[in-house]
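Hi,

Here is the structure I said I would pass on. Have a look, and my notes follow below.

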Amino acid sequence: MLNIGGTDTAATDLIKDSSEATFMTDVVEASSQQPVIVDFWAPWCGPCKTLGPAIESAVTKAGGKVKLVKIDIDQNQMLAQQMRIQSIPAVYAFVDGQPVDGFMGALPPSEVDQFVEKVAALSGEGGSLDEAVAAADEMLNEGAVADAAQTFAAIVQEDPNRSDAYAGLVRCHLAMNDLEQAQGLLDTAPDAIFDAADLVSLRAQLDLKKSASAAGDTAEIETKLAIDPNDHQARFDLAAALLAADQTEGAIEELLELFRRDREWNEDAARQQLFKIFDSLGAKDPLAQSGRRKLSSMIFA
């Protein structure tokens, strides 16, 4: 059978037509071996004629990491009803027999490529989870936060003890400013990764983000300090305001100065806040290394 894009789908195992009779084999069972993308279409659907070739091309470029199954809803109305297809084109990605992602309507080829790459990264082949994490990291860095979150969540579902994926999911919620969800994930992390370095760092980042959100105006706080340099609360608040403005180095310097003036103030608050900043930055960060050295020189002076 020829598909709407003119490609002979029977000629390749990567792209094929399917039906109600073979859906279990072609999609549900096959997706336990590698991701399967299902394209619900119809011959009369104009957008389907645009999407079909684009998604076939993207699947072909994925090099066998994902398969495409095409379902003509006119010929498979019961299956379309079971899948609750409201409009077409409708595309779903299946992994381990379950739909894990999807979209409706025709997308630009670049977005179709990105969708297929994301799904292909979930392949069950050796080493693929590393590729999936790398792909999700790239999505997050490029600002595709929702797509990154879906990919990280799928990886965590497959391997709950994968700390880099779990941390990536938390970072997505932080990027979306969903602090409650980020906190919930960190609080319920599996025992095997609860104290992983990346999760420890994220807990520190979350604490700092919460305190920074309550920070006041930097100029007003600086005015207070100009009047009274020993206003320790004002200096502590200034550090929080600087953190909120992504001026981490300035925040560290203010907290070091506060520690120098009164290391016992507010139950050692300056040192505790410094440790949170250092943890959030990571052990290899130059600011963290420099700050730790300065703090140590004060402690042991």
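How many helices and strands does the secondary structure of the chain come to? The count is 14 helices and five strands. Keep in mind that this is a predicted model.

On the overall shape: the C-alpha trace spans about 80 × 35 × 30 Å along its principal axes. The radius of gyration is 26 Å, whereas a compact globule of 301 residues would have one near 19 Å. Of those 301 residues, 45% count as buried. The accessible surface comes to about 15,000 Å², and carbon and sulfur atoms hold 49% of it. If you take the contacts with a separation of 6 or more, 61% are between residues 24 or more positions apart.

Now the sheet. Its five strands make an open sheet in the order E1-E3-E2-E4-E5, and the pairing is mixed. At the edges sit E1 (15–17) and E5 (98–104), each pairing on one side only. Neighbouring strands are turned by 20° against each other on average, direction ignored. Further in, E2 (residues 36–41) and E3 (residues 67–72) pair in the parallel sense over six bridges. Trp41 has Asp72 in E3 as its bridge partner.

H4 packs on this sheet, where it touches E2, E4 (90–95) and E5, and its direction makes about 175° with that of E5. This helix covers residues 109–120, twelve in number, and reaches 16 Å from first C-alpha to last, close to the 16 Å expected. Its buried residues are Val112, Asp113, Phe115, Val116, Lys118, Val119 and Ala120.

Cheers

Methods. Residues numbered from 1 in each chain as written. Predicted model: local features only at pLDDT ≥ 70, side-chain atom pairs only at ≥ 80, totals over all residues. Heavy atoms only, no water. Helix = DSSP H or I, 4+ residues; strand = E, 2+ residues; numbered from the N terminus. Expected span 1.5 Å × (residues − 1). Buried < 20%, exposed > 50% of the residue type's maximum accessible area, 1.4 Å probe, protein only. Pairing = 2+ DSSP bridges. Axes fitted to C-alpha atoms, helices over the stretch in contact; angles between N-to-C directions. Contact = heavy atoms within 4.5 Å. Rg over C-alpha atoms; globule rule 2.2 N^0.38 Å. Areas by Shrake-Rupley, 256 points an atom, 1.4 Å probe, with all protein chains shown as cover.
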